[in-house]
Amino acid sequence: MDAIRTVELTKYYRTSHGTARGIEKVSLSVEQGEFCGFIGPNGAGKSTTIRTLLGLIHPTGGSAQVLGLDIETEKEKILARTGYLPSEAMFYPGMRVRDLLKLSADLRKKDCKREADALCERLQLDTARKVEELSFGNRKKVAIVCALQHEPELLILDEPTSGLDPLMQREFFEILQERNKRGTTVFLSSHILSEVQHNCTRAAIIREGRIIACDSVEALSRTSAKRVTLRGWISHGSLDGVKDLQETQDGCSFLYSGDMKALLAVLAAGEVRDLSISEPDLEEIFLNYYEEGQR
């Protein structure tokens with residue numbers, strides 16, 4: 001059984017000028033036990049997809065199941081077995097962190113104190129402080145503990161690391177990896193591609209509300225394009241297959257997917273003082289998918 005399965009899931013928003021696109025015909029599956037990334041820039045449809053999956057907003061069309069449960073008729077069962085971390089969490093003012101964590105656990109009718117204490121210690125979260133006294137990063141830690149303390153089968157995380165310092169980001173992903181090894185499915189929405197590349201086994205790329213690629217991170221990273229960086233001068237205008245050209249005072253850098261013999265001929269005819277040819281990273285590949293989608 002898939003942890004998440006959508007079939008042409010669609011959401012349009014009503015506006016004063018008619019309708020606005022949320023997501024269109026999103027078909028996606030996430031296997032149980034996967035650590036799956038969901039990547040795209042702000043406004044691509046990541047949060048709309050997640051909120052629709054959790055029943056927080058109603059779809060306009062299509063269908064979806066989470067943990068084998070229908071998102072429209074079995075929302076409460078889904079929420080009971082899922083940990084959700086929104087990109088921006090809001091809390092009741094005046095409450096101390098420990099009381100807020102207990103309230104979250106009580107709403108799920110579970111005693112989560114042992115797990116909550118362990119998470120707070122690892123994330124260096126002071127539970128005696130009031131929520132409104134916390135920085136944005138510490139409020140994000142509270143949201144993380146709320147999402148994880150009941151040890152759910154599925155974690156749905158929407159831009160989870162915004163506000164966390166690098167050390168806390170590393171600790172957070174260590175926690176996620178530990179949960180994933182114990183069988184928890186992780187669905188991670190992010191625009192930070194290094195997070196996906198370093199932690200996920202598979203990823204879906206969304207552009208303007210539509211899935212434009214979905215494969216293993218290894219397969220998505222596999223490409224014939226190379227990153228060429230050089231000091232000196234060449235006549236790159238005569239080359240086919242040049243993308244993302246970045247020129248500097250003493251050289252240039254570009255992605256190249258054309259004929260290697262043509263590249264070598266241009267390099268030989270130019271004035272090259274230093275040269276490196278390397279594999280592109282996931283961010284460059286992601287941009288390449290977006291360019292292909294625009295075409």
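These legends describe close-up views of one predicted model. Residue numbers start from 1 along each chain as its sequence is written, and side-chain values use heavy atoms, without hydrogens and water. Local features need pLDDT of at least 70 and side-chain atom pairs count only at pLDDT 80 or more, while totals for chains, interfaces and linings use all residues.

**View 1. The largest pocket has a volume of about 810 Å³.** Its lining has 20 residues, and the closest to the centre are Tyr84, Ser104, Leu107, Arg108 and Cys146. Two or more lining residues come from each of helix H2 (75-80), strand E6 (82-85), helix H3 (97-107) and helix H5 (136-148). H3 gives the most, with 4 residues. By class, the lining has 15 nonpolar, 2 polar and 3 charged residues. A pocket here is an open set of points on a 1 Å grid over the protein atoms alone, where a 1.4 Å probe fits, with protein on both sides within 12 Å along at least five of seven lines; lining residues have an atom within 4 Å of a point. Helices (H or I, at least four residues) and strands (E, at least two) are DSSP runs, numbered from the N terminus.

**View 2. The second largest pocket has a volume of about 250 Å³.** It is lined by 15 residues, with Arg98, Leu101, Lys102, Lys113 and Ala116 nearest its centre. H3 and helix H4 (113-123) each give two or more residues to this lining. The largest share, 6 residues, comes from H3. By class, this lining has 5 nonpolar, 2 polar and 8 charged residues.

**View 3. Aspartate 117 and lysine 113 form a salt bridge.** Their closest N and O atoms are 2.8 Å apart. A salt bridge is a side-chain nitrogen of Lys or Arg within 4 Å of a carboxyl oxygen of Asp or Glu. Both residues lie in helix H4, 4 residues apart, about one turn of the helix. Aspartate 117 is partly exposed because its relative accessible area is 39%. Lysine 113 is exposed, at 54%. The cut-offs are under 20% for buried and over 50% for exposed, with partly exposed in between (1.4 Å probe, protein chains only). Elsewhere, salt bridges that share partners join Arg122, Glu171 and Glu178 into one network.

**View 4. Arginine 5 forms a salt bridge with aspartate 2.** The closest N and O atoms are 3.5 Å apart. Arginine 5 is partly exposed, with a relative accessible area of 43%. Aspartate 2 is also partly exposed, at 24%. The structure holds 14 salt bridges.

Conventions. Grid points are joined across faces, edges and corners, and a volume is the space filled by probe spheres set on the points. Ala, Val, Leu, Ile, Met, Phe, Trp, Tyr, Cys and Pro count as nonpolar, Asp, Glu, Lys and Arg as charged, and the others, Gly among them, as polar.
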